[in-house]
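The points below can be checked one by one against the view.

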Amino acid sequence: MSLVGAKVLRKEDPRLLSGTGTYVDDLSPAQCAFASFVTSAEAHATIDAIDVRAALAIPGVLAVYTAADFTDYPDLPGGLPTLERPALARNTVRFVGEPVAVVVAEDRYIAADAVAAVTVSYSPLKVMTTIEDATAGDSVPLFPRHGSNVITIVPTMDDLEKELAKCHGRASLHIVNQRCAAVPIEPMAVLADWKPDGLTVWATFQAPHHLRNYLATWLDIPQMNCRVVAPDVGGGFGSKIVWYPELFIAPVISKLLRRPVKFAQTRTEAMMQMAHGRDQVHDIEVGYEKDGTIKALRLIVSQNLGAYGDPTGLGLAVLTTWMAAGAYRIPKVSTSFRTVVTNTTPVAAYRGAGRPEAAYSIERIVDQVARQTGLDPAVVRQRNFIPPSAFPYETHNEAVVYDSADFPAALAECLRIVDYDAVRAEQKARRNDPSKPLLGIGLSCWLEIAGFGPNGSLEGFGHLASWESAQVRIQPDGSAIVYSGSSPHGQGHETMLSQIASDELGISFDRIKVITGDTAAVLQGIGTMGSRGAPTAGSAVKVASSRVLTRAKRIAAHLLEAAEEDLEVVDDAFNVKGSPGKKVSWGDVAWASFQPLRIPPELQAGSLEERLFQESPNFSYPSGAYACVVEIDRETGDVTIRDMVLVDDCGTVINPLLAEGQVHGGVAQGIAQALYEGVSYDSSTGQPVTANLLDYLVPSAADLPDYKVGRTTTLCPNNPLGAKGIGESGSVGAPPAVINAIVDALSEFGVDHIDMPATPEKIWKAMKSGGNS
Amino acid sequence: MTAIGSEIYSLNVNGRELPVRDSWIGESLLFVLRERLGLPGAKGACEQGECGSCTVIIDDKAVCSCLVLAASAQGAAIRTVEGLGPDGRLSDVQQSFLDAGGVQCGFCTPGFIVAVHHLLDGNPDPSDLEIKEALSGNICRCTGYGRILDAVKQVAVSRRSGSRGDSKEGAR
Ligand code: FES
Ligand code: FES
């Protein structure tokens with residue numbers, strides 16, 4: 001029976017359920033010192049002086065370091081020239097929470113006291129937290145050497161004004177995709193142990209080899225002496241592939257003090273120091289014909305980068321403009337973007353990274369076309385869909401060729417599950433019944449770019465390459481170890497990759513062990529991001545396993561004196577088809593494979609092992625159709641999600657338990673963006689006002705609806721598994737469904753748009769002012 | 001001001017009396033469990049009482065151990081995630097999370113497991129709303145909660161139908 005596609009329970013759970021998983025802060029080697037940052041209280045200022053004397057006088061304080069102690073080390077990797085970020089702020093601070101000095105002490109309590117005892121004096125500079133402020137006439141450059149706060153501009157060749165003017169009608173929206181915090185439940189933590197024979201760093205990170213590559217270069221040590229381990233990792237969502245100062249500073253401190261040293265963020269530090277996501281402003285406009293077909297689309301994107309140019313942060317707007325047209329065949333598409341630095345926490349990838357922003361704007365504007373034409377939003381979508389026959393579909397950008405999809409089928413399934421006509425009828429009936437809450441229905445026919453990626457794609461974000469590695473090793477007893485370069489943080493790789501290997505090898509699931517996240521064990525790796533686990537790492541394991549099986553069959557045939565073609569692998573044994581009882585166990589074959597006298601002459605001992613770097617010819621394009629039904633309290637503006645229907649197409653599903661879990665989690669984050677979350681700053685001082693879980697509203701179980709899940713399947717033609725990836729789907733698809741539903745419910749008040757998060761206050765105001773708030 | 005003291009007191013954790021050494025008097029129960037008593041199951045994700053990752057049971061009350069002074073818990077019966085499953089096996093709640101797919105990154109999981117044991121020990125037949133309320137102090141960023149709620153309902157049903165596993169002894 002094939003395990004791929006089956007609901008297989010997770011291997012990793014027993015340890016996690018019993019509290020015996022190992023996260024970085026669970027490790028406390030003997031003599032471990034604790035380090036903590038003194039961080040900037042100013043959003044933009046020059047540093048006049050740092051006085052560390054009082055801190056050094058505290059018993060148990062081992063050292064205090066500032067930028068002056070790191071002059072031998074380069075700036076953090078990945079920054080643009082003229083936009084360098086030193087590991088500790090040098091002369092200038094650019095956001096509240098930026099590390100200025102580091103205190104090392106015997107334990108975390110002494111470190112906290114010592115942090116409080118360090119005095120930093122600043123001369124404040126002009127604070128700019130928004131794109132508007134940072135580009136205003138009286139703005140000052142964050143990086144005087146760069147001159148402007150606008151870091152990159154990618155203009156359009158043609159603003160499509162002519163095409164838009166020719167159309168029957170035009171629809172436009174100004175859309176703010178607010179800043180969100182990833183909030184992995186485990187904050188950043190790193191433990192470094194510098195020994196004479198090499199450095200080991202344990203970090204809660206999504207890409208340990210990536211960190212190894214950059215860390216060794218930064219420290220100027222050979223990679224062979226730099227081991228990075230990502231043990232159990234408590235979530236990431238993109239925020240744990242960022243070059244945080246502590247990742248680089250901890251090893252240096254360990255070297256200087258000759259003892260292990262640990263950093264573990266508090267939640268408030270995490271809210272200020274871990275990269276944020278989104279924070280784009282869009283101006284989107286389309287031209288349409290009377291029947292709702294869209295002829296031209298123009299999208300202008302401004303990206304708030306925060307205080308420094310993170311390599312992925314700089315790329316977010318690229319992905320947004322790539323995916324601007326979504327699931328629709330739009331003859332003319334024009335996109336442009338600019339990126340702007342501000343006095344806020346740096347922005348980088350957050351679950352979806354550039355694609356939720358694209359999906360949100362196109363799905364909002366399609367609803368606006370429906371509004372202006374008087375057509376049903378489902379009909380407008382159906383009339384503009386790229387038809388299933390048009391794949392592979394070349395988009396407005398040559399880098400983007402959609403692989404496969406069936407948008408009409410997905411929407412039809414979604415409408416069926418939500419019972420669309422009935423809900424529309426109910427809505428109509430309620431219009432005239434003020435005793436009932438408002439009812440709204442929102443659709444989202446989204447698609448995103450995933451499976452990163454073809455050669456050259458991740459390199460653009462500073463990664464070594466875009467393949468993923470697998471190594472499959474048969475032990476002499478016929479059990480197997482699978483090493484993957486994709487290091488998980490909750491996705492369930494141990495289970496998913498075991499299923500794939502088990503199917504290919506004919507070795508039972510329980511006799512396969514998956515090892516990830518340790519550069520000393522896993523040959524090379526790229527990491528877990530961009531919904532690439534199944535398409536790249538899964539495919540790598542599949543191909544490597546099948547090659548091992550080919551050689552194992554040769555050995556089995558040799559031992560059985562049978563023809564390879566006559567063998568089948570069932571229940572951990574090689575059987576000769578049609579000759580019951582004539583078989584040899586996987587264990588016997590594995591044992592023999594190490595004994596030169598027992599294997600066919602063309603094979604060598606130890607040949608039941610394969611290492612492989614799986615490349616992809618293209619990205620993958622997961623898609624889906626979501627529907628959201630909301631009720632809005634007419635008195636308070638409070639939103640209740642009554643129904644949330646999720647029809648996903650991620651190609652081959654390896655394990656529905658894991659796939660649906662990813663969708664649930666992504667949708668929860670999408671609903672959270674639509675209704676609750678948003679990082680905000682006091683615009684005059686740059687002080688964050690959402691720096692803990694009380695002020696930043698991560699939803700609890702009481703805040704989220706139940707989900708109805710459906711599925712359509714178009715296989716990905718670009719990898720051997722046919723998988724498209726599913727990690728980010730929910731966070732891409734959910735926000736437009738929720739906001740479209742809210743705007744739909746508010747249509748009778750003349751409301752065309754409402755920005756996220758759609759709080760009761762905003763909705764109440766929109767009801768009062770007819771959207772002209 | 002902190003001081004590295006060597007106040008010695010003892011805590012009753014999972015039915016055993018454990019001496020606490022090298023702690024200072026202001027240390028939270030979370031860190032005493034994790035760093036003095038070798039019980040790292042409870043996790044710290046906010047230390048502000050906002051996430052529930054650190055949930056333990058003290059004398060039949062579920063509390064955020066990050067907000068409890070360890071020294072003040074002397075004489076109380078403390079239960080942590082490490083003490084719920086009998087003989088190193090999973091409790092019925094833990095097994096139900098596994099069966100329902102209620103775990104992803106696992107960092108929030110010990111807090112949920114403790115909170116669910118506490119809920120069901122006091123209320124064997126909770127309504128959906130009661131479950132959501134009981135768990136509203138526990139943040140999970142990965143699962144969207146659907147599978148966690150399924151797991152709770154499942155284990156409640158199986159306990160009521162008498163097919164409960166081994167948890168009662170383990171849980172007490
Ligand atoms: S760590 Fe105690 S509630 Fe978050
Ligand atoms: S499983 Fe990751 S936070 Fe709950």
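**Notes on the model**

1. Apart from residues within four places of it in sequence, A:Ala117 is in contact with A:Ala54, A:Ala55 and A:Ile58. Please keep in mind throughout that this is a predicted model.

2. A:Ala117 belongs to helix α3 of chain A, which covers residues 108–117. From A:Ala117 to A:Ser684 the C-alpha atoms are 27 Å apart, with a sequence separation of 567 residues.

3. Further along chain A, helix α14 (residues 493–505) packs with helix α15 (residues 533–560) at an angle of about 30°. Their axes are 8 Å apart, and the crossing of α14(A) with α15(A) is right-handed. On the α14(A) side the contact includes A:Met496, A:Leu497 and A:Ile500; on the α15(A) side, A:Gly533, A:Ala537 and A:Val541 are among the residues involved. By class, the contact of α14(A) with α15(A) consists of 10 nonpolar, 5 polar and 2 charged residues.

4. How many residues of chain B are in contact with chain A? There are 47, and they meet 46 residues of chain A. Helices α2 (92–100), α3 (109–122), α4 (128–134) and α5 (146–160) of chain B each give two or more residues to this side. The chain B side of the contact has 24 nonpolar, 14 polar and 9 charged residues.

5. One of those elements, α2(B), is mostly covered, with 8 of its 9 residues buried. The buried residues of α2(B) are B:Asp92, B:Val93, B:Gln94, B:Gln95, B:Ser96, B:Phe97, B:Leu98 and B:Ala100. Just after α2(B) comes B:Gly101, which has a positive phi of about 80°.

6. Chain B is divided into domain 1 (7–82) and domain 2 (86–171). Taken over C-alpha atoms, the centres of domain 1 of chain B and domain 2 of chain B lie 21 Å apart. Domain 1 of chain B gives 13 residues to the contact and domain 2 of chain B gives 11.

7. Which strand gives the most to the side of domain 1 of chain B that touches domain 2 of chain B? It is β3 (residues 55–58) of chain B, with 3 residues. That side of domain 1 of chain B holds 8 nonpolar, 4 polar and 1 charged residues.

Definitions and conventions:
Residues are numbered from 1 along each chain as its sequence is written. Chains are lettered from A and ligands numbered from 1 in the order in which they are written. This is a predicted model: local features need pLDDT of at least 70, side-chain atom pairs count only at pLDDT 80 or more; totals for chains, interfaces and linings use all residues. Two residues are in contact if their C-beta atoms, placed from the backbone, lie within 7 Å. Helices (H or I, at least four residues) and strands (E, at least two) are DSSP runs, numbered from the N terminus. Ala, Val, Leu, Ile, Met, Phe, Trp, Tyr, Cys and Pro count as nonpolar, Asp, Glu, Lys and Arg as charged, and the others, Gly among them, as polar. Domain bounds come from an automatic or database domain assignment. A residue is buried if 20 or more other C-beta atoms lie within 10 Å of its own, exposed if 12 or fewer, and partly exposed in between; C-beta atoms are placed from the backbone. Axes are lines fitted to C-alpha atoms, for helices over the stretch in contact, and angles run from 0 to 180 degrees between N-to-C directions. A crossing is left-handed if the near helix is turned anticlockwise from the far one by less than a right angle, and right-handed if clockwise.
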